[in-house]
Amino acid sequence: MFSAAVRISAAGIRTAVRSRPCFTAPLAVRCYSHAKPETDEEFDARWVTYFSKPDIDAWELRKGMNTLIGYDLVPEPKILDSALRACRRLNDLASAIRILEAVRDKSGPHKDIYPYVIQELQPTLRELGISTPEELGLDKL
Amino acid sequence: MSLPKPVMRGLLAKRLRFHLPIAFTLSLIVAAAFKFTVTEPRKQAYADFYKQYDAMKEFNAMREAGIFESVRPSGE
């Protein structure tokens, strides 16, 4: 939240001076660093790689997911696919379903995001045998 | 039936960019409104009261009412 506010105030003050990626990057990019801001594709690729580690352990999975959920974005389907496969390697069905619940929560009021993500993940969900929270009735209070 | 890809990044930033200026402006307006409808009239009321305030007259009225212990009413 604070990083988003910092980014907006920074962008508002410095848009004339600094480059565009500073304004649209999802992370707390410090506008006075000379490092090239990471593009969305690089960000996604980094996270796909993180979850693709063959011997990822349960802690790393949880840490990765918690960090990812902290960002101001809904994870791309390809990142989620990599995370779900990591859950499969760890025999962790509960985390797999929890990831889907987290995507729904992250979308907040934007109700079009979750159906899209589920649509994109359908092949993976079928292949890995993961039920959605809706199929299990876990979306009702 | 295939759903188009929605915007998935920067949703909080977009919301804040919209709501924060409004929040700050509204807060300032409320503060200004309170200042000019409550605190300024109150300060003026005190100033008006004390402009014509005669401390000795009020003291003597209290003295005659017998509420002091250090001075008795003038009759006694």
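Chain B and chain A bury about 1,700 Å² between them, and 63% of that lies on carbon and sulfur atoms. Buried area is the accessible area (1.4 Å probe) that two parts lose on being put together, summed over both. In chain B, B:Leu3, B:Met8 and B:Arg9 lose the most area to chain A, together 42% of what that side buries. This is a predicted model: local features need pLDDT of at least 70, side-chain atom pairs count only at pLDDT 80 or more, and totals for chains, interfaces and linings use all residues. Residues are numbered from 1 along each chain as its sequence is written, chains are lettered from A in the order in which they are written, and side-chain values use heavy atoms, without hydrogens and water.

Now look at who touches whom. In chain B, 15 residues are in contact (heavy atoms within 4.5 Å) with 23 residues of chain A.

Charges meet here too. The rule finds four salt bridges across this interface of chain B and chain A. A salt bridge is a side-chain nitrogen of Lys or Arg within 4 Å of a carboxyl oxygen of Asp or Glu. The side chains of A:Glu76 and B:Lys5 form a salt bridge, at 2.8 Å from N to O. By class, the side of chain B that touches chain A has 10 nonpolar, two polar and three charged residues. Nonpolar covers Ala, Val, Leu, Ile, Met, Phe, Trp, Tyr, Cys and Pro; charged covers Asp, Glu, Lys and Arg; the others, Gly among them, are polar.
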